[in-house]
Amino acid sequence: MDTALILHFLTTPLVFLIWTTFLKTFILLNVVLGVVSVTVFAERKVSAFIQDRTGPNRVGIPMTLLGGKKDIPFWGLGQMIADPVKLLTKENFVPAGVNKFFFWLAPKLVLLPPLLVLAVLPFGSSLFGVEMTIANINAGVLFIFAVTSLSVYGITIAGWASNSKFPFIGGIRSSSQMISYELALGLSIIPIFMVCGTLNINEIIDWQIKNGWLVAPYWPHGFSLGQLLHPHDLIHSLVAGVSLERFLLWIPLMISFVIFLVSIFAETNRLPFDLPEAEQELVGGYHTEYSSMNFASFFLGEYAAMFAGSGAIVSIFLGGWSLPIIPDGSQGWFWGLVNIGVWFAKVSVILLFMIWIRWTLPRFRYDQLMKLGWLGFFPIALFNIFLTAVILAVVHH
Amino acid sequence: MAIVVNRPKLTTAEKFYLPAIFAGLAITWKHLKRALFNKGIVTMQYPEEKWDANLPAWYRGAPTLVVDENGREKCVSCQLCEFICPPRAITIKPMEIPENDPWRKVEKRPEAFDIDMARCIYCGLCEEVCPEEAIFLRKDYSITGLNRAEMVHDKETLYKLGGVMKGLTFKWNELK
């Protein structure tokens, strides 16, 4: 076979779709697992700074091992590699009384859902004409909800299979925590469907590019790079952006945003809602009996869930990969790369916010979480749907 | 008698948590920002920076042997420390001081004096029991070794760590 034939084969629509999808999956998976490592490092560093400590600052390039005089500390960045290596080389201890099958199954069940969520998140516009979403499906948001709620099975099974009281309490807490906030999480997103009229995340982002981010009440209409050269058009677009509808809709959309954000914290078991883990009361919660790579899977799952949750927040509320003025990938590969960078930057901001929250707030009490979910967020989210409907009805008639 | 503590009445703003959350975030942000510019960090970088100058006079570090101002070793190998040592870290081999020695009058001194620092619990009983005030707990705390043999302080090491103790010592001073 000569090169032309191979090239022709690779550019056949179906084949092209298959190999680009595999490539995207492979790259995204590796990037995300790397990001997890960086997030853990950032978590340790930020927590240290918040508590007036230095945090990890020693592990760098071990020059003394290579015959040098002094190690290069490198701001402790080597910790990102040292932590996984430590976890990998530890003994994987399985207690005698556990249900072996479920004990081994649980970490995988926790790790899998957040990675599946990444499949529908658009992490960029397009690069060389290839769409930067692994699966552009019409039920994208529903897919996220369907998959993320599965991770609670992993936690509950881990708690139950460990045959130990603290993990068991952790697992039970996780399942009841899930039903307290999952309803509010699902309902909080309905106003977005009513405003954008679609469940497809890519279309939600397109809507936001045209009409502005969902959390921004004012947005210049059809603002672009070319307009900067034409002041007349610029003023026109600035004025056209002011609309009563957007300002009125901003109220329910902000309520949705707050509920969604808080629910994502609960979804990813982050403080102030890390009741299934609760180091101080439950030793380590559901993963008390786990060690080595099994424990690392939980760890990885938790941070991948943080990443996926942040990705969902960014894609749905904060305009995804878009920034005002910056064009999308159809204007050239450079802008495609910029869009990917913008998405990762936005996700990093949300991740930092999550870390910041963790080292600020104490844990909610168990009943307080239930009360917040059932008596706080659930009715507010329901009311929010009607509020949005009324606003839409009044404005359009 | 049971004390009744009434729950405080919360205002509407307090019930929403959010103002308190923002106040907390502001505080942690302040600390984060300060630490980013390397200010306000209280961590001491241990092997490079040490707290040694601030150790109190009565600090109980590694037990050592001392000589007096005349260079005479104070220990007369009565072996009281060996007997009182709770973890049995001390081993003494006594010897007669030879006839031609200027300190013949003292009669005995240790031929070998070993303290196993892997066993020592830094209790200070050896210092308290010593009738000759020959053994003192000094301020060395970082005693390390690569094997058990390296953790044993022999007589030479003990005198090197201990140094000279001049004049009267107030052993029963409660701060010592």
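A polar contact here is a pair of N or O atoms within 3.5 Å; within protein, one has to be able to donate a hydrogen and the other to accept it, and residues adjacent in sequence count only if both atoms are side-chain atoms. By that rule, 11 residue pairs (both at pLDDT 80 or more) are in polar contact across the interface of chain B and chain A. On the side of chain B that touches chain A, the residues split into 11 nonpolar, six polar and two charged, with Ala, Val, Leu, Ile, Met, Phe, Trp, Tyr, Cys and Pro counted as nonpolar, Asp, Glu, Lys and Arg as charged, and the others, Gly among them, as polar.

This is a predicted model, where local features need pLDDT of at least 70, side-chain atom pairs count only at pLDDT 80 or more, and totals for chains, interfaces and linings use all residues. Residues are numbered from 1 along each chain as its sequence is written, chains are lettered from A and ligands numbered from 1 in the order in which they are written, and side-chain values use heavy atoms, with hydrogens and water left out.

Chain B brings 19 residues to the contact and chain A brings 16, contact meaning heavy atoms within 4.5 Å. There are two salt bridges between the chains (a side-chain nitrogen of Lys or Arg within 4 Å of a carboxyl oxygen of Asp or Glu). A:Asp52 pairs up with B:Arg34 in a salt bridge, their closest N and O atoms being 3.2 Å apart.

Over in chain A, A:His287 counts as buried because its relative accessibility is 11% (buried is under 20% relative accessible area, exposed over 50%, partly exposed in between; 1.4 Å probe, protein chains only). Leaving aside neighbours within four places in sequence, A:His287 touches A:Glu277, A:Phe295 and A:Phe298.
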